[in-house]
Amino acid sequence: MAMPKLVGLSGSLRKASHNSLLLAEAARLFGDAEFSQLDINFPLYNGDDEVATGIPAIVKAAEQQIAEADAVLISTTEYNSGPSGVLKNALDWISRVEGNPWEHKPVAVMSAAGGRAGGERAQVVLRGFLTAFRPRLLTGPQIHVAASHEAFDEDGRLKGALYIKELTHLMEMLRNDITR
């Protein structure tokens, strides 16, 4: 098999996002793979704008990357008991493209958040959002990085043996799902 292609979606646009760090750690623990993170700094979805100007090029590019990927990694922060608005907006825009790049695609979901639940509620909501796209959602192990401001070292590496063990297991499950 050729080197797998992984695409990541971070639910945060911050430059030093803990969710982007978590995606990078997941890709590292996955092992040999091509990894790229999508730019989801899309305009806000507005049906009138879509009719007037069509689907933005940045959305089409993201959809193409998802379609060409062997698997997708999504990491979301948690705002007000749900995923970030930027992630929901990206999902809404990508749903407007022709076809369905998510269908039967292996998807691993994780989260990093400042609270003690580590984004667990956001993951539940995100999984509901994704169901309509019919991906192959991995059910676990579930990765909820709590107190994310303390969870990474100065090199951006995830701290905590349990987090590393569980994230490694999730990536092994993802690799197995890709090759099935």
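1. Let's start with alanine 27, which is buried, at a relative accessible area of 11%; buried means under 20% relative accessible area, exposed over 50%, and partly exposed in between, using a 1.4 Å probe and protein chains only. Alanine 27 belongs to helix 1. Helices (H or I, at least four residues) and strands (E, at least two) are DSSP runs, numbered from the N terminus.

2. A note on the model before going on: it is predicted, and local features need pLDDT of at least 70, side-chain atom pairs count only at pLDDT 80 or more, while totals for chains, interfaces and linings use all residues. Residues are numbered from 1 along each chain as its sequence is written, and side-chain values use heavy atoms, with hydrogens and water left out.

3. Which residues does alanine 27 touch, not counting those up to four places away in sequence? They are Leu6, Phe35 and Leu73, where contact means heavy atoms within 4.5 Å. Leucine 6 is 21 residues from alanine 27 along the chain, yet 7.6 Å separates their C-alpha atoms.

4. Now look at strand 1 (residues 5-10), where five of the six residues are buried. Strand 1 runs parallel to strand 2 (residues 34-37), and four bridges join them; two strands pair if DSSP finds at least two bridges between them. Leucine 6 has phenylalanine 35 of strand 2 as its bridge partner. Between strand 1 and strand 2 the chain passes through helix 1 (residues 18-30), giving a right-handed β-α-β crossover. To check the hand, point the strands away from you: the crossover is right-handed if the path from the first strand over the helix to the second runs clockwise.

5. Strand 1 also pairs with strand 3 (residues 71-76), in the parallel sense and over five bridges. Glycine 8 has leucine 73 as its bridge partner in strand 3, and leucine 9 stands opposite isoleucine 74.

6. How are the side chains of strand 3 arranged? Ala71, Leu73 and Ser75 point one way, Val72, Ile74 and Thr76 the other way, and all are buried. Strand 3 pairs with strand 4 too, parallel and over five bridges, with valine 72 opposite valine 107. Strand 3, helix 4 and strand 4 form a right-handed β-α-β unit.

7. Helix 1 has a helical partner as well: its axis and that of helix 6 (residues 161-179) come within 9 Å and cross at roughly 65 degrees. Here, axes are lines fitted to C-alpha atoms, for helices over the stretch in contact, and angles run from 0 to 180 degrees between N-to-C directions. Among the residues that meet are Leu22 and Phe30 in helix 1 and Ile164 and Met171 in helix 6.

8. Finally, some backbone details to look up. Most residues other than glycine have a negative phi, and most peptide bonds are trans. Serine 81, in the loop between strand 3 and helix 4 (85-94), has a positive phi near 70 degrees and is partly exposed at 36% relative accessibility. Histidine 104, in the loop between helix 4 and strand 4 (106-112), has a positive phi near 65 degrees and is exposed, with a relative accessible area of 53%. Glycine 140 and proline 141 are joined by a cis peptide bond, with omega about 5 degrees; proline 141 sits in the loop between strand 5 (136-137) and strand 6 (143-145).
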